[in-house]
Amino acid sequence: MITAIVFIQAEVSSIPETGAAIADIPGISEVYSVTGDHDLIAMVRVRDHDEIASVVADRLNKVPGVQSTQTQIAFRTFSRHDLEGAFSIGLD
(Lines give C-alpha, C1' and ligand atoms only; values in the text may rest on other atoms or scores of the structure.)
Protein backbone atom coordinates (compact mmCIF):
# COMPACT_ATOMS: atom_id res chain seq x y z
CA MET A 1 0.00 0.00 0.00
CA ILE A 2 1.33 3.43 -0.95
CA THR A 3 0.41 6.44 1.16
CA ALA A 4 0.55 10.00 -0.13
CA ILE A 5 -0.19 13.14 1.84
CA VAL A 6 -1.74 15.95 -0.19
CA PHE A 7 -1.61 19.54 1.08
CA ILE A 8 -4.47 21.51 -0.43
CA GLN A 9 -5.12 25.22 -0.87
CA ALA A 10 -8.87 25.77 -1.24
CA GLU A 11 -11.26 28.64 -1.69
CA VAL A 12 -11.96 29.76 1.86
CA SER A 13 -15.68 30.16 1.25
CA SER A 14 -16.05 26.51 0.23
CA ILE A 15 -13.64 24.56 2.46
CA PRO A 16 -16.33 22.27 3.99
CA GLU A 17 -17.86 21.44 0.61
CA THR A 18 -14.46 20.97 -1.01
CA GLY A 19 -13.31 18.68 1.80
CA ALA A 20 -16.47 16.59 1.57
CA ALA A 21 -16.13 16.23 -2.21
CA ILE A 22 -12.48 15.16 -1.86
CA ALA A 23 -13.41 12.62 0.83
CA ASP A 24 -15.79 10.96 -1.65
CA ILE A 25 -12.99 10.20 -4.13
CA PRO A 26 -11.99 6.51 -4.18
CA GLY A 27 -8.44 6.20 -2.83
CA ILE A 28 -8.83 9.07 -0.36
CA SER A 29 -8.95 7.63 3.16
CA GLU A 30 -9.20 10.85 5.18
CA VAL A 31 -9.48 14.60 4.70
CA TYR A 32 -8.60 17.06 7.45
CA SER A 33 -9.35 20.76 7.76
CA VAL A 34 -6.19 22.26 9.27
CA THR A 35 -4.59 25.47 10.45
CA GLY A 36 -1.42 26.92 8.99
CA ASP A 37 -0.29 27.35 5.41
CA HIS A 38 -2.79 24.87 3.95
CA ASP A 39 -6.55 24.56 4.20
CA LEU A 40 -6.99 20.80 3.86
CA ILE A 41 -4.83 17.69 4.04
CA ALA A 42 -5.91 14.51 2.27
CA MET A 43 -4.50 11.05 2.87
CA VAL A 44 -4.29 8.92 -0.26
CA ARG A 45 -3.90 5.16 0.18
CA VAL A 46 -3.55 3.18 -3.06
CA ARG A 47 -1.81 0.09 -4.42
CA ASP A 48 0.60 1.68 -6.91
CA HIS A 49 2.07 4.98 -8.06
CA ASP A 50 -0.14 5.17 -11.15
CA GLU A 51 -3.17 5.28 -8.87
CA ILE A 52 -1.74 8.33 -7.09
CA ALA A 53 -1.70 10.14 -10.42
CA SER A 54 -5.30 9.09 -11.08
CA VAL A 55 -6.51 10.17 -7.64
CA VAL A 56 -4.60 13.45 -7.35
CA ALA A 57 -4.12 14.74 -10.90
CA ASP A 58 -7.24 13.33 -12.52
CA ARG A 59 -9.76 13.69 -9.69
CA LEU A 60 -8.70 15.73 -6.64
CA ASN A 61 -7.23 18.65 -8.58
CA LYS A 62 -10.49 18.98 -10.51
CA VAL A 63 -12.75 19.29 -7.45
CA PRO A 64 -14.42 22.72 -7.40
CA GLY A 65 -12.75 24.90 -4.79
CA VAL A 66 -9.29 23.33 -5.05
CA GLN A 67 -6.78 26.04 -5.94
CA SER A 68 -3.50 24.13 -5.65
CA THR A 69 -1.96 20.97 -4.20
CA GLN A 70 1.38 19.62 -3.03
CA THR A 71 1.78 15.85 -2.85
CA GLN A 72 4.23 14.03 -0.59
CA ILE A 73 4.72 10.26 -0.92
CA ALA A 74 5.43 8.39 2.32
CA PHE A 75 8.36 5.96 2.47
CA ARG A 76 7.71 4.35 5.86
CA THR A 77 5.14 4.49 8.63
CA PHE A 78 6.29 4.94 12.19
CA SER A 79 2.99 5.63 13.94
CA ARG A 80 2.36 3.98 17.29
CA HIS A 81 -0.78 2.29 15.97
CA ASP A 82 1.08 0.57 13.12
CA LEU A 83 4.06 -0.37 15.30
CA GLU A 84 1.79 -1.96 17.92
CA GLY A 85 0.20 -4.09 15.21
CA ALA A 86 3.57 -5.13 13.83
CA PHE A 87 4.81 -6.35 17.23
CA SER A 88 1.57 -7.88 18.43
CA ILE A 89 1.54 -11.66 18.82
CA GLY A 90 -2.23 -11.82 19.00
CA LEU A 91 -2.69 -12.04 22.77
CA ASP A 92 -5.32 -9.95 24.49
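**Close-up views of a predicted model**

**View 1. Threonine 3 is a buried residue, with a relative accessible area of 12%.** The model is predicted. Threonine 3 sits in strand 1, which covers residues 2-10. Because burial is set at under 20% relative accessible area, threonine 3 at 12% falls in that class.

**View 2. Surroundings of threonine 3.** Neighbours within four places in sequence are set aside here. Threonine 3 then contacts Met43, Val44 and Arg45, and also Gln72, Ile73 and Ala74. With arginine 45, the link is a side-chain to side-chain polar contact of 3.3 Å.

**View 3. Arginine 45 forms a salt bridge with glutamate 30.** The N to O distance between the two side chains is 3.4 Å. Arginine 45 belongs to strand 3 (residues 40-46) and glutamate 30 to strand 2 (residues 28-33), so the pair ties together parts 15 residues apart in sequence. Arginine 45 is partly exposed, at 33% relative accessibility. Glutamate 30 is also partly exposed, with a relative accessible area of 23%. The salt bridge count comes to one.

**View 4. The whole protein chain, for orientation.** The protein chain holds three helices and four strands. Their order along the sequence is β-α-β-β-α-β-α. Of its 92 residues, 30% count as buried. Among contacts between residues at least 6 apart in sequence, 65% join residues at least 24 apart. The protein chain exposes about 6,400 Å², and carbon and sulfur atoms supply 53% of that area.

Note on methods. Residues numbered from 1 in each chain as written. Predicted model: local features only at pLDDT ≥ 70, side-chain atom pairs only at ≥ 80, totals over all residues. Heavy atoms only, no water. Helix = DSSP H or I, 4+ residues; strand = E, 2+ residues; numbered from the N terminus. Buried < 20%, exposed > 50% of the residue type's maximum accessible area, 1.4 Å probe, protein only. Contact = heavy atoms within 4.5 Å. Areas by Shrake-Rupley, 256 points an atom, 1.4 Å probe, with all protein chains shown as cover. Polar contact = N/O pair within 3.5 Å; in protein donor to acceptor, adjacent residues only side chain to side chain. Salt bridge = Lys/Arg side-chain N within 4 Å of Asp/Glu carboxyl O.
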